[in-house]
Amino acid sequence: MSSINSEISRLKHKDVRTRRRALRALFDIDSPLALPAFIPLLEDTDPWFRTKALDAHRKWAKNSSDLEALVEGDKECRRLAAELCSEIGDVGIATTLFQSEDWTTRSFAARALTDDNKMIEEMAGDSHHSVRMIAGEFSKDSDIISMLIEDGHSSVRRTALATASREEITVNESTLTKALGTSDPSLRSLAAAMTVEQGGELLAKACKDTSPKVRKAIADQLRIVTKDVDERVELVAATSPEIIIRWLRSRHDPRSTKLRWRLIADSDVDARIRSKLLEQMSGRPKIDVNKLAILTEDDSALVRLAANNLSAAVSEMSGERV
């Protein structure tokens, strides 16, 4: 304790070098008891000392009383107070700081207020997108989420749509339709994944998107929510068969196998897709050699090559079994 008091007393020394050494020593001692000594430094004329005073509060502030000097300080002090509010859990100070004209202070304060639905509603109407993003991240209200999905800022839209997907919040069809029509692939991929649950025209619209990110989102969501060939799988296969390749990759049950053969036999399906579907059967037992024989004479050279390769693999496996 005597060492702390000694260094604290040196913070008032006339020689700036002595003051700097004292400050460094207090950081080395690393005791919260030194924090009050840093409060006067928040208004020091030397920027270095002001910065170190903020660092001291960031390091040692643990309760509401430790934030009082910051709340009464300048913009940087209030920003730090707002940032620390969520760690300390002081809703009262956070509510006060949320009224700040500085959007950074408001966004920090907002994170300490996310358990308050009324405050989230205020955040959703804030003038700055960073604050609206917090509302989009934490709101469970379908009306607020739907509003934010149509926000003017892409980051807010993505955050709100991600929350809707994660929390299984119902989003109306018109909102999803607008999201699917934006120029942001990330937003479209989130919306597309949500259409998998609904199926129908919305899913068909999403499947027509040429973005690889969107198509991957649909395939990934299909793997999560569908365990068998159903109407949604059939719709995706008919609308955009390249998406269904991912879904079929590890599926060899009777219905999946039937769907795979149907797509392979369809000459209107792109040859690359048909050949990849053939490749998926490599190493699988009980392959229909009669269907395979027909494909070895297909009009597409790519399909013929894949069929011949698979046929050779089947013959090799048959030889091994013998």
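The paragraphs that follow treat helix packing, aromatic contacts and selected residues in turn.

The model is predicted, with local features requiring pLDDT of at least 70 and side-chain atom pairs counting only at pLDDT 80 or more, while totals for chains, interfaces and linings use all residues. Residues are numbered from 1 along each chain as its sequence is written, and side-chain values use heavy atoms, with hydrogens and water left out.

Helices here are DSSP runs (H or I, at least four residues), numbered from the N terminus. The account begins with helix 2 (residues 16-29) and helix 4 (residues 47-60). Their axes, which are lines fitted to C-alpha atoms over the stretch in contact, with angles running from 0 to 180 degrees between N-to-C directions, come within 12 Å and cross at roughly 15°. Helix 2 and helix 4 are therefore roughly parallel to each other, a term for angles under 35 degrees. Their crossing is left-handed, in that the near helix is turned anticlockwise from the far one by less than a right angle. Contact means heavy atoms within 4.5 Å; on the helix 2 side, V16, R19, R20, L23, R24, L26 and F27 meet W48, F49, K52, D55, A56, K59 and W60 of helix 4.

Several of these residues also take part in ring interactions. Rings of Phe, Tyr and Trp (its six-membered ring) pair if their centres lie within 6.5 Å, and planes under 30 degrees apart count as stacked, over 60 as edge-to-face and the rest as tilted. By this rule there are 4 aromatic pairs. The rings of F27 and W60 have centres 5.4 Å apart and planes at 25°, so this pair is stacked. Because F27 lies in helix 2 and W60 in helix 4, the pair ties together parts that are 33 residues apart in sequence. F27, F38 and W60 form one aromatic cluster. W60 has 3% relative accessibility and counts as buried, where buried means under 20% relative accessible area, exposed over 50% and partly exposed in between (1.4 Å probe, protein chains only).

A charge sits over a ring if NZ of Lys or CZ of Arg is within 6 Å of the ring centre and within 35 degrees of the ring normal. R19 lies over the face of F49, at 4.2 Å from the ring centre, and R20 lies over the face of W48, at 4.4 Å from the ring centre.

A further helix pair is formed by helix 8 (residues 103-110) and helix 10 (residues 129-138), which pack at an angle of about 15° with their axes 8 Å apart. Helix 8 and helix 10 are therefore roughly parallel to each other, and their crossing is left-handed. W103, R106, S107 and A110 in helix 8 meet S130, V131 and I134 in helix 10. F108 also lies in helix 8; at 30% relative accessibility, F108 counts as partly exposed. Leaving aside neighbours within four places in sequence, F108 is in contact with R79, A82 and E83.

S154 is placed in helix 12 (residues 154-166) and counts as partly exposed at 24% relative accessibility. The C-alpha atoms of S154 and D184, 30 residues apart along the chain, are separated by 7.4 Å. In helix 15 (residues 200-207), L202, L203, A204, A206 and C207 are buried. The buried residues of helix 15 pack against helix 13 (173-180), helix 14 (185-198), helix 16 (212-225), helix 17 (231-239) and helix 18 (241-248).

Note on methods
Helix = DSSP H or I, 4+ residues; strand = E, 2+ residues; numbered from the N terminus. Parallel < 35°, antiparallel > 145°, perpendicular 65-115°, else oblique.
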